[in-house]
Amino acid sequence: MFSAVDYYAGDPILGLMEKYKADQNPKKVNLGVGVYYDNDGILPVLECVKKAEAQIANPVKARPYLPMEGLAGHRLACQELLFGKGAKVLEENRVATIATIGGSGALKVGAEFINQWFPQSKCYVSDPTWGNHIAIFENADVEVGKYPYYDAQTGGVKFDEMIAFFNTLNKDDVLLLHPCCHNPTGVDLTQAQWDIVLNLVQEKGLVPFMDIAYQGFGEDMEADVYAIRKAVDMGLPLFVSNSFSKNLSLYGERVGGLSVVCPTEDEATRVFGQLKFGVRRIYSSPPSHGGHVVDIVMNDDALNAEWVEEVYAMRDRIQQMREQLRAVLESKVEGRDFSYLTTQKGMFSFTGLTPEQVAKLQSDYAIYLVGNGRMCVAGLNTNNIEYVANAMADVLK
């Protein structure tokens, strides 16, 4: 009966992690999977989350199904974090927001909505982008193309090529954009570049779909959503998928959200209904525990302030690792500029390593990176930074 079913080759990153786990080298280092680890190599539980979970468990309560759209407090948290407390667009009830199964669930519901209501639209993603972006939209029967983005020669953005490409697109084509901490390169647009992109989006009638999974890991909570708020100020229709996996360290709870900014309250009401219907057809309702954690942490002033401090501590540790790695590499590899390591933002870095050099790091040093040279900087710490830097210097010579 199932003889025609194809084998699944596996996700390359998750497969890499299985290989890492099986490695017996005591010096092995995991720089592949996109997870924040502290300086001891431990996945942290944030203090604000511990306090929220203590509230949830006192007393232990029944676990009914949540509404299709999720908890009201979870949805409000997404809106205020992305658009700002008291934002005019929220007062005008022009944002349709649902809680989702992580950022991936938000992308899936958004892609299905686009396929149903804008069937002629094509979605364009940056070259490169997070691999699952392409898979999710194609699985929703949305055709996917790529726009120029990363310049391997300069370590920056192919901005002129990107703008020229955008000028060739059709009305209602969707642009999947990274507001901050671009995955996988760590190379972000400047605010001035965002202004140019969004003006072109408005002029061409394109639809921005902004996927933000790392708010707070770039500059700060406000600066990281500059592109989102600028688009709203310009009156653009807008999709925003967000995730709390990284900035609340709630990876396994699958907590995210999808917000659609609409021109009018009536349109937002209709979009909201269709998003709920989309959820009903896919997974019926979002997870409860993570949703309650988000509700409590984000809507309690004291816990929210504590959360922001914890996020900035994670951000600062990542930046320190970038600076230390750059310093060692510049001292070991003559004639090469590694400044890109400290201008990139967020958890990821395009190291500039070739697939052959990545393979040598793995075989000779048990250091695991993705084949394209993407490194999760959060896997570095004061115990392994010298080892990793010296190994990288060796394969770069």
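Which residues that line the largest pocket lie nearest its centre? In this predicted model, where local features need pLDDT of at least 70, side-chain atom pairs count only at pLDDT 80 or more and totals for linings use all residues, they are Ile-13, Trp-130, Asn-132, Asn-183 and Arg-374, out of 41 lining residues. Residues are numbered from 1 along each chain as its sequence is written, and side-chain values use heavy atoms, with hydrogens and water left out.

A pocket here is an open set of points on a 1 Å grid over the protein atoms alone, where a 1.4 Å probe fits, with protein on both sides within 12 Å along at least five of seven lines, and lining residues have an atom within 4 Å of a point. Grid points are joined across faces, edges and corners, and a volume is the space filled by probe spheres set on the points. Residue classes count Ala, Val, Leu, Ile, Met, Phe, Trp, Tyr, Cys and Pro as nonpolar, Asp, Glu, Lys and Arg as charged, and the others, Gly among them, as polar.

| Pocket | Volume | Lining classes |
|---|---|---|
| Largest pocket | About 1,000 Å³ | 20 nonpolar, 14 polar, seven charged residues |
| Second largest pocket | About 420 Å³ | 14 nonpolar, three polar, four charged residues |

Of the 21 residues lining the second largest pocket, Phe-113, Phe-118, Phe-239, Glu-267 and Val-271 are the closest to its centre.

Turning to the backbone, the peptide bond from Asn-58 to Pro-59 is cis, with omega near 0 degrees, and the bond from Asp-127 to Pro-128 is also cis, with omega near 5 degrees.
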